[in-house]
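Visitor: Could you walk me through this one? I'd like to start with the strands and then move on to the helix and the charged pairs.

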Amino acid sequence: MDSAEKTRHRIAELLVAQRLAVLSTHHGGEPYASLVGFAVEPDLSRIYFATPETTRKYRNLREDPRAALLVDSRTHQEADFHRAAAVTAVGRAVDIGTESAAASAKVLYLSRHPYLADFLRAPTTRFIELVVTRYLLVENFQGVMELRMQP
């Protein structure tokens, strides 16, 4: 397995192992971060999450769709300083809540978060697709690897 395949594999491991991510958006030069439940396509090209349309994160994404999602493996133990890994997915967020293409994505999302079915069906919930342009993987607080996604 070459280094790109190893990086892709490690990123996939982290994304599958975790259910929550930190979403980073911005408005007027001010950063904003929030927790979201997410699901990722097996090819890593897209990540999905849901949010009420009344949230700050949704308003921020409507103004500027550039976003990043951070997923990490920390356990809140001292060992994290030597073993924790984090992956940042960078891309453009698109509201796909009403598109028919969202149906399979919603199935994927609900397979990871079945307890969010009512939330996802609410008329004020928006379903968001982050089209990933690149991933940054950091391990051992030092090693940084980048995986660029095909356009």
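Guide: Two strands count as paired if DSSP finds at least two bridges between them, and helices (H or I, at least four residues) and strands (E, at least two) are DSSP runs numbered from the N terminus. This is a predicted model, in which local features need pLDDT of at least 70 and side-chain atom pairs count only at pLDDT 80 or more, while totals for chains, interfaces and linings use all residues. Residues are numbered from 1 along each chain as its sequence is written, and side-chain values use heavy atoms, with hydrogens and water left out.

Visitor: OK, how many bridges join strand 1 to strand 2?

Guide: Eight bridges join these two antiparallel strands, and Val 22 stands opposite Leu 35 in strand 2. Strands 1 and 2 form a hairpin with two residues between them, and in the turn Gly 28 has a positive phi of about 55 degrees.

Visitor: And which residue of strand 5 is the bridge partner of Val 22?

Guide: That is Leu 70, and strand 1 and strand 5 pair in the antiparallel sense over three bridges. Strand 5 (residues 66–72) also pairs antiparallel with strand 6 (residues 85–95), over seven bridges, with Arg 66 having Arg 92 in strand 6 as its bridge partner.

Visitor: Switching to helix 2, which of its residues are buried?

Guide: Taking buried as under 20% relative accessible area, exposed as over 50% and partly exposed as in between (1.4 Å probe, protein chains only), the buried residues of helix 2 (residues 56–63) are Lys 57, Tyr 58, Asn 60 and Leu 61. Seen down the axis of helix 2, the buried residues fall within an arc of 160 degrees (taken from the directions from the helix axis to the C-beta atoms), so they line one face of the helix. On the other side of helix 2, Arg 62 and Glu 63 are exposed.

Visitor: Now the charges: how many salt bridges does the structure hold?

Guide: There are nine salt bridges, each being a side-chain nitrogen of Lys or Arg within 4 Å of a carboxyl oxygen of Asp or Glu. One of them joins Arg 46 and Glu 129, whose closest N and O atoms are 3.1 Å apart; this pair links distant parts of the chain, with Arg 46 in strand 4 and Glu 129 in strand 7, 83 residues apart.

Visitor: Is Glu 129 buried or exposed?

Guide: Glu 129 is buried, with a relative accessible area of 12%, whereas Arg 46 is partly exposed at 30%.
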